[in-house]
Amino acid sequence: MTDRTDQRARMLAGRCLCGTVQYVVADEFRYAANCHCTDCRRTTGSAFKPFAGIEREKFSVTKGADHVHTYGEEKAHDARCGKCGSFLYSVVRDGAYVHVALGPLANEPTIRPSEHIFVGSKAPWFTITDDLPQYRAHVADGPPMNR
């Protein structure tokens, strides 16, 4: 039996700033959010991390795997290009999922962030100006703060 999902999946390309690390990911993301937690802000050097989550087997580094620098453990880490430092993705949920940073994608994904998470620890100098739901912590931890 053939897996029809894999045959029809639109593949997205991503890469670091210098092009040393490149990857492909199926455009079959399960969820997307803007994370304002302290760790994501430090990791990205920005007010929040826009990301999309997908099963790990639907993501593959196609070039420069030997230049991927990870911070963390095998089943929970952040990955950057070891040459230019670009933040690329995080392995999460006990290694089962990848949170792909949306910035390095060369193609437009069909999914968009649908909420802001960990707003309880967002940068005080940043104001959220869209109407997406805002959660004090994770979505599973309770109702949105702004609804």
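Buried means under 20% relative accessible area, exposed means over 50%, and partly exposed lies in between (1.4 Å probe, protein chains only).

**Ground rules.** I am working on a predicted model, where local features need pLDDT of at least 70, side-chain atom pairs count only at pLDDT 80 or more, and totals for chains, interfaces and linings use all residues. Residues are numbered from 1 along each chain as its sequence is written, and side-chain values use heavy atoms, with hydrogens and water left out.

**Entry 1: the count.** I looked for salt bridges (a side-chain nitrogen of Lys or Arg within 4 Å of a carboxyl oxygen of Asp or Glu). I got six.

**Entry 2: Asp-27 and Arg-10.** I found a salt bridge here, with the closest N and O atoms 2.7 Å apart. The two residues sit 17 residues apart and link distant parts of the chain. I placed Asp-27 in the loop between strand 2 (22-26) and strand 3 (31-35). I placed Arg-10 in the loop between helix 1 (4-8) and strand 1 (11-15). My helices (H or I, at least four residues) and strands (E, at least two) are DSSP runs, numbered from the N terminus. Asp-27 is buried at 12%. Arg-10 is partly exposed at 41%.

**Entry 3: Lys-58 and Glu-55.** This salt bridge spans 3.8 Å, N to O. Lys-58 is buried, at 17% relative accessible area. Glu-55 is buried too, at 12%.

**Entry 4: Arg-112 and Glu-108.** Here I read 2.1 Å from N to O for the salt bridge. Is Glu-108 buried or exposed? Glu-108 is exposed, with a relative accessible area of 54%. Arg-112 is partly exposed at 44%.

**Entry 5: a network.** I also traced salt bridges that share partners: they join Glu-28, Arg-30, Glu-55 and Lys-58 into one network.
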